Amino acid sequence: MAKLTLMFENRLVKEVPIGSRPVGIGRSPDNDLPVDNLAVSNYHARVYAEAGRLVVEDLDSLNGTFVNDLRVERATLHDGDSIWVGKHHIKVDASGDTTTLSDTGKKAVAAPRINETMMLDTKARRDALQQAAAMGERTQFAAGRQKVPTLVVLSGNTDQTEYVLTNKLTVIGKSKMATVRLKGWFKPELAAQINQRDDGYYLGPGDKVPAINGAAIPGPVRLNEGDTIEVSGLRMNFIFRD
Amino acid sequence: MQIVSGGVTNVGRVRTNNEDCFRIVEPLNLFVLSDGMGGEAHGEVASAMAVEAIVKHCQETENDPAMTIFADMPATWSEKTKRLSSAVHLANKSIYDAAQANPTRRGMGATVTAAWIDGTRLSIAHVGDSRAYLLRNGNLQQLTSDHSLVAEQVRRGILTPAEAERSEMQSVLLRALGAHPEIEVDSEEHTLFGNDVLLLCSDGLTRMVTEPEIAGTLQAEPDPAKASERLVQLANEQGGADNVTAVVVHIDSERKGWFSWLRGGPRNTAQSIGSAGGK
């Protein structure tokens, strides 16, 4: 069975198993893991098992709950993770628990081979989704961190100084229908284009070959935050706005 | 814009029935593709219902523009985008109702990827893991997001695209027509440029044929009907594990204006010879 070990500066404070009931963490003494520190809220967080995985949930604490280095509202726990509340941390031991996920977080969920297209609607399929969602939660930080991809114009003649990328396809050019509209004589209708794909935003050529950080790109290249894009006398920065 | 199109659907080399379905409605420049799912023959029923419902709604709204638009649509969308999105909502409802009415049909569903071209504006409505691509200046750009589990995992940074391609969970959809009475439809508008090539295809193509191969085929074959045949043939040569469908649409700039008249001379008579579509 999985267990949680409350630690303070390498000293073991208390150890509790995780059963069917949630494990309460907080300053109030009636918690399963009481943490005597003013930085910790009375009822700070809780840990429970759900659909074969361990979940930590922050209970709107003032100073937050951290898993490893990330502040979380809710996150799936893996063997070896550390939950931080104030200056205390809680080690997660799920080694005896075969149903929790392996620690890699990068592997596809092992499941029977599926050839037929199907919707996730039976129980087995729901479980598969839940496992996947659990892995997804690792990258889902506390609310308010949603980031918007944005092009900031550094120099050049355009109709706006900043563009938020909302479409699957963003056209840069003189065309009336271009998102990033170039102004001036001899500018191409379609200078370059940006395609939003599952793994990021790709800049590709139009009638011109654009450059990323000074290097010309003949075919689509994925943009990284902070990249400088140059095309047809226009310079822009690709960033994620909060 | 001058529009020429062609499409092919094929059962593949492993399956015994074809659950894919597509329709090209030339006078409207409407293109609809659907991939059905569900046991027995129900996948075929579902995809046919999806295509039928969407085409019917779009045709009716052409004759009666006052028809209701369903669900909330952003005011900035064009009339056609709203109507296409409404049509997908309607298709979902009809498949859902049919599945509920007949217990043996429970679980039937369908993907849909639909494109409607009006002048230089392209409207897309999409649910599921069929895809729309736009080939422009040699770049093959995906206009739709797969509503599949693995694609969602890539978006969340859990899988890399390469890992997703190897995953055994590729067939698991998070969204499809017919599963719920309400559905979220992805809709978007794009501006078309001369020489753009639009491709609608089912996952039977994209799982067998790589994107560079698709781009190469679309560039090498100037005839859309032959290009779609060639793509289906490639998918079958490389396994043909699933039904495979490809619809290819060429958008050619209309040569008009004094400059092209000077270059090419008046060409109003010969314009549509050899073209299947056009407007």
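Val56(A) counts as buried because it has 26 C-beta neighbours inside 10 Å. A residue is called buried if 20 or more other C-beta atoms lie within 10 Å of its own, exposed if 12 or fewer, and partly exposed in between, with the C-beta atoms placed from the backbone. Keep in mind that this is a predicted model, in which local features need pLDDT of at least 70 and side-chain atom pairs count only at pLDDT 80 or more, while totals for chains, interfaces and linings use all residues. Residues are numbered from 1 along each chain as its sequence is written, and chains are lettered from A and ligands numbered from 1 in the order in which they are written.

**Around Val56 in chain A**

Val56(A) belongs to strand β6 (residues 53-58) of chain A. Helices (H or I, at least four residues) and strands (E, at least two) are DSSP runs, numbered from the N terminus. What does Val56(A) touch, leaving aside its neighbours within four places in sequence? Its contacts there are Ala45(A), Val47(A), Thr65(A), Val67(A), Val72(A), Ala75(A), Leu77(A) and Ile83(A). Here, two residues are in contact if their C-beta atoms, placed from the backbone, lie within 7 Å.

Strand β6(A) pairs with strand β5 (residues 45-50) of chain A in the antiparallel sense, over six bridges. Two strands pair if DSSP finds at least two bridges between them. Within this pair, Val47(A) stands opposite Val56(A). Both strands are part of an open sheet of five, in the order β4-β3-β5-β6-β9 (chain A), with mixed pairing. At its edges stand β4 (33-34) and β9 (74-77) of chain A, each with a single partner strand, so one side of each is left without a neighbour in the sheet. Strands of a sheet pair through backbone hydrogen bonds, either parallel or antiparallel.

Strands β17 (residues 192-197) and β18 (residues 200-205) of chain A run antiparallel and are joined by six bridges. The hairpin between β17(A) and β18(A) passes through two residues, and Arg197(A) has Gly200(A) in β18(A) as its bridge partner. Strand β18(A) also pairs with β21 (residues 221-222) of chain A, antiparallel and over two bridges; there, Leu203(A) stands opposite Val221(A).

The predictor's confidence in each residue is pLDDT, from 0 to 100. For chain A the mean pLDDT is 81, and 79% of its residues reach 70 or more. Over residues 98-114 of chain A, pLDDT is below 50, and this stretch has 37 contacts in the model beyond near neighbours in sequence. Residues 136-145 of chain A also stay under 50, with 19 contacts beyond four places in sequence. Where pLDDT is low, the predicted coordinates should not be read in detail.

**The sheet of chain B**

Chain B has an open sheet of five strands, in the order β2-β3-β4-β5-β9, with antiparallel pairing. Strands β2 (20-25) and β9 (186-191) of chain B stand at the edges, each with a single partner strand, so one side of each is left without a neighbour in the sheet. From one strand to the next, the twist averages 10°. Axes are lines fitted to C-alpha atoms, for helices over the stretch in contact, and angles run from 0 to 180 degrees between N-to-C directions. Strand β5 (residues 121-127) of chain B pairs with β9(B) over six bridges in the antiparallel sense, and Leu122(B) has His190(B) in β9(B) as its bridge partner.

| Helix of chain B | Lies across | Angle |
|---|---|---|
| α1 (residues 42-63) | β2, β3 (30-37) and β4 (109-118) | about 155° to β3(B) |
| α2 (residues 79-101) | β4, β5 and β9 | about 160° to β4(B) |

**Helix α6 of chain B**

In helix α6 (residues 211-220) of chain B, the buried residues are Ile214(B), Thr217(B) and Leu218(B). They cover an arc of only 95° around the axis, which puts them on the same side of α6(B). The arc is that of the directions from the helix axis to the C-beta atoms. Pro212(B) and Ala220(B), on the other side of α6(B), are exposed.
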